[in-house]
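My entries follow in the order I made them.

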Amino acid sequence: MNLNSVLLKFSTWRSFATAAWLGWKIESNWTDPFLFAVYSIVKPLAGASILVVMYSVITQGDYTSPVFAYIFIGGCFYQYVAAVMTGVSWAVIDDREHYRTLKYIYTAPVRPPFYLMGRAVARFITASFAVLITLLVGVLFLHLPLDLAHVNWLNFTLGMILGVSMLAMMGLLLAGITMNLARHSDYLGEAVAGALYLFSGAIFPMDVLPAFLRPVGYAMPMLYWLELVRRSLVPQVAGVYPTLAGVSDGQLILILLGLTILFGVVGFGTYRWFDQHARENGMIDKVTNY
């Protein structure tokens, strides 16, 4: 390994680690720690409560059904989608419009793609707290059949690594687009996450969509990621819906790996194209708010 390769890896890690530290400082500095903790707990529980109430009304409170575990876990882990994608893309708006430091970051010895992905770490951490709290409430009060002794930790770990990496790549793609848009793109990550909610299999299978929309869902890696997470945590949900019932855990991992690599290539390639376009058009230091 030559010196240039070592320096490149060090620069990449330094860019990512510094951005993660900065992102956490920004995300957690808007109020006192107690209020931040309360907000981090109440927000996800409120979102999960909507699904629980709807399910309870429809099924007369049949929380012991595997369908409930399917819906609850899917909705719970889908919080990562908006958190990670928005964390990466929002960093462009935050640094260019709010703090007006993006131009200095581009002239500093950091690697912008890894800096942007590092900025999403803070939202990933807060989303992780939200997911853990929601799962705990599900186990304690809603009879969620989650037994830590029967969790497939290997599949769960692989699924989380691939899933979060995939979401970061999608966020990088959105960051490139955001760089070339006006400030109206504030919530582009959340908007895309909301649109993909229909095609992720988070709360209902692809079979309920019109036939012409199903290919969109099957092309989305979130479908296979959420299915792998569900099976890892609660194995009995594997046969709840026939959509992916015939796909083994190993096949799910391979599909997710392939789609993660694909979105990684597309994400980095698209970001580089949009980044070059933004440089040529002076969008790096162009403030577009009012």
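**Entry 1: Val92**

I began with the contacts of Val92, which touches Glu97, Leu102, Leu116, Ala175, Thr178 and Met179 when residues up to four places away in sequence are not counted. The model is a predicted one. I placed Val92 in helix 4. Its relative accessible area is 0%, so Val92 is buried.

**Entry 2: helix 4 against helix 7**

I describe two packed helices by the angle between their axes and the distance between the axes. For helix 4 (residues 79-98) and helix 7 (residues 121-141), I noted that the axes come within 9 Å and cross at roughly 170 degrees. Angles over 145 degrees count as roughly antiparallel, and helix 4 and helix 7 are therefore roughly antiparallel to each other.

Which residues meet in this pair? On the helix 4 side I listed Gln79, Tyr80, Ala83, Val84, Thr86, Gly87 and Trp90. On the helix 7 side I listed Arg123, Phe124, Ala127, Ser128, Ala130, Val131 and Thr134. The residues of this contact divide into eight nonpolar, five polar and one charged.

**Entry 3: Arg123**

I then took Arg123 by itself, as a residue of helix 7. Is Arg123 buried or exposed? Its relative accessibility is 17%, and the cut-off for buried is under 20%, so Arg123 counts as buried. Leaving aside neighbours within four places in sequence, I found Arg123 in contact with Glu27, Ala83, Thr86, Gly87, Trp90 and Glu190.

**Entry 4: helix 3**

I checked the length of helix 3 next. Helix 3 has twelve residues and spans 17 Å from its first C-alpha to its last, which is close to the 16 Å expected at 1.5 Å a residue. How many of its twelve residues are buried? The count is ten, so helix 3 is largely enclosed by the rest of the structure. I wrote down the buried ones as Phe68, Ala69, Tyr70, Ile71, Phe72, Ile73, Gly74, Gly75, Cys76 and Phe77. What do these buried residues pack against? I found helix 2, helix 4, helix 7, helix 8 and helix 11 (221-233) as their partners.

In helix 6 (residues 112-119), seven of the eight residues are buried, so helix 6 is largely enclosed by the rest of the structure. The buried residues I noted in helix 6 are Pro112, Pro113, Tyr115, Leu116, Met117, Gly118 and Arg119. Leu116 had already come up in my entry on Val92, as one of the residues that Val92 touches.

Helix 8 has 27 residues and reaches 38 Å from first C-alpha to last, close to the 39 Å expected at 1.5 Å a residue. I counted 19 of the 27 residues of helix 8 as buried, so this helix too is largely enclosed by the rest of the structure.

**Entry 5: Thr260**

I located Thr260 in helix 12 (residues 249-280). Thr260 has 10% relative accessibility and therefore counts as buried. A polar atom of the Thr260 side chain lies 2.7 Å from the backbone oxygen of Leu256. Not counting residues up to four places away in sequence, I have Thr260 touching Leu162, Ser165 and Met166.

**Entry 6: loop residues**

I looked for positive phi values in residues other than glycine. Gln60 has phi near 55 degrees and lies in the loop between helix 2 (33-59) and helix 3 (66-77). Its relative accessibility is 66%, so Gln60 counts as exposed. His143 has phi near 60 degrees and lies in the loop between helix 7 and helix 8 (153-179). The relative accessible area of His143 is 55%, so His143 is exposed.

Leaving aside neighbours within four places in sequence, I found Ala245 in contact with Arg231 and Ala238. Ala245 and Glu280 are 35 residues apart along the chain, and I noted 49 Å between their C-alpha atoms.

Notes
Residues numbered from 1 in each chain as written. Predicted model: local features only at pLDDT ≥ 70, side-chain atom pairs only at ≥ 80, totals over all residues. Heavy atoms only, no water. Axes fitted to C-alpha atoms, helices over the stretch in contact; angles between N-to-C directions. Helix = DSSP H or I, 4+ residues; strand = E, 2+ residues; numbered from the N terminus. Parallel < 35°, antiparallel > 145°, perpendicular 65-115°, else oblique. Contact = heavy atoms within 4.5 Å. Nonpolar A, V, L, I, M, F, W, Y, C, P; charged D, E, K, R; others polar. Buried < 20%, exposed > 50% of the residue type's maximum accessible area, 1.4 Å probe, protein only. Polar contact = N/O pair within 3.5 Å; in protein donor to acceptor, adjacent residues only side chain to side chain. Expected span 1.5 Å × (residues − 1).
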